[in-house]
Protein chains: 2
Amino acid sequence: MKRLLIIAISLSPLINFSQTDQDVLRDIYKQSLTNSKSYDWLNYLSNEIGGRLTGSLNAEKAVAYTKAELEKLALDKVWLQPVKVPKWVRGAKEHAYIETGPNGFNTGKTTTVNICALGGSIATPALGLKANVIEVKNFEHLKTLGRENIAGKIVFFNTPMQADLIDTNEAYQNILNISKRGALEASQFGAVGVIVRSMTLTLSDFPHTESMTYENQAIDKRIPAAAISTNDAEVLSAMLKLDESIKFYFKQNCKQLKEVTSHNVIAEITGSEYPDEYLIVGAHLDSWDLGDGAHDNGAGVVQSMDVLRLIKALGIKPKRSIRVVLFMNKENGLDGAKKYAEGVKQNKENHIFALENDAGGFSPQGFTFNCSDSNFNQILHWKALFKPYLIHYFERGTSAENVEPLKNDHNVLASLKTNSQRYFEYQHAALDTFNTVNKRELELGAATMTALLYLFDKYGIN
Amino acid sequence: MKRLLIIAISLSPLINFSQTDQDVLRDIYKQSLTNSKSYDWLNYLSNEIGGRLTGSLNAEKAVAYTKAELEKLALDKVWLQPVKVPKWVRGAKEHAYIETGPNGFNTGKTTTVNICALGGSIATPALGLKANVIEVKNFEHLKTLGRENIAGKIVFFNTPMQADLIDTNEAYQNILNISKRGALEASQFGAVGVIVRSMTLTLSDFPHTESMTYENQAIDKRIPAAAISTNDAEVLSAMLKLDESIKFYFKQNCKQLKEVTSHNVIAEITGSEYPDEYLIVGAHLDSWDLGDGAHDNGAGVVQSMDVLRLIKALGIKPKRSIRVVLFMNKENGLDGAKKYAEGVKQNKENHIFALENDAGGFSPQGFTFNCSDSNFNQILHWKALFKPYLIHYFERGTSAENVEPLKNDHNVLASLKTNSQRYFEYQHAALDTFNTVNKRELELGAATMTALLYLFDKYGIN
């Protein structure tokens with residue numbers, strides 16, 4: 001790309017805005033790209049602490065670390081909010097194989113495959129579980145097959161994410177229920193276990209976990225559920241086509257323990273003019289255990305912390321109170337989000353704006369807003385301010401789950417939208433590590449979040 | 001990012017366009033994301049052939065491979081256009097170190113550093129070159145220092161790319177001349193060699209090469225030039241601050257050989273209504289030798305090939321003649337681009353539109369256009385068609401170099417604009433390998449290029 005394009009990222013006056021807003025946005029982006037803490041913080045969270053499964057010691061290490069780092073920023077307040085959380089543990093690594101033999105006779109020939117227990121699942125029996133397998137597309141397909149084809153078997157949900165959708169998250173949402181409720185649904189037809197194709201668009205050897213639920217199902221009716229890597233899902237499917245009498249064996253050692261006390265981490269810059277109006281920026285501090293939770297949601301955590309640091313570094317004095325909230329246990333029940341919202345209600349804190357990034361540390365494209373028409377019109381008026389930074393996506397939509405409990409009739413909830421093409425390669429798998437996060441992309445996200453928060457602080461909401 | 005956003009990538013009717021254009025674009029994207037050849041082709045180019053330095057055997061392998069693959073597509077014509085190209089070879093790997101000692105006395109203590117010869121540079125003397133070093137910012141700084149501070153020394157240009165520019169290519173363009181003309185300028189002041197800080201925004205151990213020129217300088221005045229990794233540039237700079245008498249040693253073994261005959265690879269679908277109007281899509285087939293040229297410019301090559309394949313696969317019958325042109329020797333003189341343009345002129349072929357991607361296989365954001373006001377207005381009318389695919393950047397600008405020689409008063413030249421944040425991590429270094437290219441991002445780029453070409457074929461130019 002040599003001597004190629006002199007692309008005009010114009011910083012020249014946009015006539016509809018005060019010079020001040022343009023200047024401030026330029027300063028925010030410059031500061032973030034040249035003097036950021038996000039990347040260093042993420043390095044520590046990912047490589048010194050690692051996976052931060054809810055209820056784990058690592059999750060508490062992350063609480064202590066982020067609190068200590070926020071305390072260094074000389075904000076007005078930093079505190080922990082206790083939250084009761086479930087504690088599910090994976091135990092020893094799972095083991096699984098496909099067993100073949102003529103007419104179902106066990107020749108001892110096995111093909112090892114890569115699986116991981118779904119979060120919340122029960123273990124298999126101590127010696128593992130071996131059964132015939134039936135490949136199923138979805139819950140409709142389960143019904144069509146009926147108990148006569150399913151009872152005593154392991155149900156193998158093999159529905160790939162749809163590759164032709166531009167937003168990979170849409171493809172993910174479309175099949176998420178299979179992981180979440182697959183065991184519950186399949187057990188109604190007598191299945192003894194469930195194997196779900198990992199939700200990623202790539203063919204890989206790494207399984208991707210997901211949370212699942214038994215709701216109020218009787219304990220003796222519950223069946224174990226695991227995710228299988230996409231490569232191994234292809235193998236299993238191909239082998240089933242050759243011989244439907246093959247057997248699948250898996251052993252997983254996970255366990256639901258007693259609930260424990262964890263924490264939301266909260267820090268505040270108190271507003272100078274309207275301290276009773278709150279704007280928050282946040283992400284979830286817990287992660288899955290397989291990787292380091294670098295994209296999910298370490299990136300959002302460090303960006304949210306950096307929003308307050310950037311505001312301080314640039315000498316901006318917020319009119320309203322600005323908080324960073326690092327929510328505990330997004331992945332297994334949203335307890336931190338609910339707890340924070342309870343506190344807000346009890347203390348009658350008027351939260352006018354809440355922003356989160358739970359979409360990884362990729363290049364920011366814009367925001368999705370959950371708000372009224374009037375508020376959305378106000379936001380669209382700001383869109384041109386973001387053009388020099390290639391931030392173009394300003395659309396209505398549902399908000400992310402951590403801030404969702406704060407929704408009321410007049411406030412604005414927003415989610416950062418990032419480039420989603422690579423996200424599901426890493427999410428919930430051992431692949432979600434620091435080296436997959438690009439420093440500049442992370443910093444551009446932090447700047448974009450800071451810029452929007454700055455505008456809401458300055459102008460309030462309609 | 002679980003249960004998060006149902007983002008509406010709406011495919012619902014855009015009232016200003018015929019249903020047909022929306023349908024065709026949707027089909028193009030779907031086909032590219034579910035049935036692409038780009039990624040497989042790139043795998044072969046990168047991993048089976050590898051770096052394709054102009055004049056090398058590998059470059060000719062790439063000519064033969066892409067021609068053979070294009071022939072499989074049942075297009076109307078596939079042919080090679082001979083091009084005379086320079087042949088510069090790196091020879092044995094470079095070696096360099098920093099030597100320290102009290103008051104310039106050689107204690108034998110050395111720090112090895114990573115360098116690579118700039119393309120087109122002469123070798124050092126056979127035993128290498130050792131001299132004192134002077135750190136310089138730019139050509140103005142050279143003048144200020146003058147011959148008395150420079151003569152007999154190695155000039156070390158240590159200007160980093162500017163991190164606060166959003167478009168990394170702008171930061172690159174701003175300092176590109178230092179690599180290109182550094183040896184020529186420094187030798188005027190008696191320098192004996194030139195070391196240039198690698199043009200990447202990351203701190204890394206890998207040097208990034210670049211083309212350089214001696215213009216018509218007398219052969220005995222020419223001095224060798226190399227790039228040093230950013231990590232080692234930091235080390236050298238820090239050591240110079242401690243002791244300006246340290247010496248730098250480097251040995252490089254590169255050589256300019258006789259020019260050789262290489263080829264542009266060209267394939268055509270002949271137009272059904274206006275066969276004398278040509279639309280081309282292209283990229284450069286040569287690359288640097290250090291990596292595999294996966295992003296630069298393998299990605300553009302396979303995407304350009306895929307444009308014609310997608311058109312065939314979708315059953316689109318172009319009204320105008322559509323060509324893919326794979327240009328030889330972009331990196332060391334643009335001979336292929338010039339040769340193709342000569343042929344166009346000789347044969348009076350009316351090229352109304354030329355598109356290239358020389359910006360890597362990253363997520364497409366839009367296009368830069370070099371065209372008249374009237375043509376640009378026509379293009380803006382199509383912008384909304386691209387919104388479902390998050391393609392938003394439609395701006396005027398200079399065009400990329402391979403198609404630049406085709407410019408005339410009435411035609412349209414366009415360059416794909418991709419997300420530039422990661423590009424310079426890889427460009428011209430050993431790091432430019434297949435594994436850094438994301439399949440979906442590559443496919444989205446191919447689809448975006450195909451969509452624009454489709455519109456120009458259907459509507460022509462104003």
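Helices, taken here as DSSP runs of H or I of at least four residues, are numbered from the N terminus. In this predicted model, helix H4 of chain B is followed by Gly152(B), whose phi is positive, near 85°. H4(B) spans residues 139–150, and although the helix has 12 residues, its end C-alpha atoms are only 12 Å apart. A straight helix would reach 16 Å at 1.5 Å a residue, and H4(B) falls short of that.

At the interface, 49 residues of chain A are in contact with 48 residues of chain B. On the side of chain A that touches chain B, at least two residues each are supplied by helices H1 (19–34), H6 (168–187) and H12 (439–459) and by strands E14 (364–370) and E15 (393–396) of chain A. By class, the residues of this side comprise 21 nonpolar, 15 polar and 13 charged. Because 98% of the interface residues of chain A are also interface residues in chain B, the copies meet through the same surface.

Within chain A, the domain assignment gives domain 1 as 19–87 + 258–459 and domain 2 as 91–253. The C-alpha centres of these two domains of chain A lie 34 Å apart. Contacts between them involve 14 residues of domain 1 and 18 residues of domain 2 of chain A. The side of domain 1 that touches domain 2 in chain A has seven nonpolar, five polar and two charged residues.

Chain A also holds an open sheet of eight strands, ordered E3-E2-E9-E5-E6-E7-E8-E4, with mixed pairing. The edges are taken by strand E3 (109–112) and strand E4 (115–117) of chain A; each has a single partner strand, so one side of each is left without a neighbour in the sheet. From one strand to the next the twist averages 35°. Strands E7 (residues 193–197) and E8 (residues 225–228) of chain A run parallel and are joined by four bridges. Ile195(A) has Ala226(A) in E8(A) as its bridge partner. Helix H6(A) packs on the sheet, where H6(A) touches strands E6 (154–157), E7 and E8 of chain A. The direction of H6(A) makes about 155° with that of E7(A). H6(A) is also among the elements that supply residues to the side of chain A touching chain B.

Notes
Residues numbered from 1 in each chain as written. Chains lettered and ligands numbered in written order. Predicted model: local features only at pLDDT ≥ 70, side-chain atom pairs only at ≥ 80, totals over all residues. Contact = placed C-beta atoms within 7 Å. Nonpolar A, V, L, I, M, F, W, Y, C, P; charged D, E, K, R; others polar. Expected span 1.5 Å × (residues − 1). Domains from an automatic or database assignment. Pairing = 2+ DSSP bridges. Axes fitted to C-alpha atoms, helices over the stretch in contact; angles between N-to-C directions.
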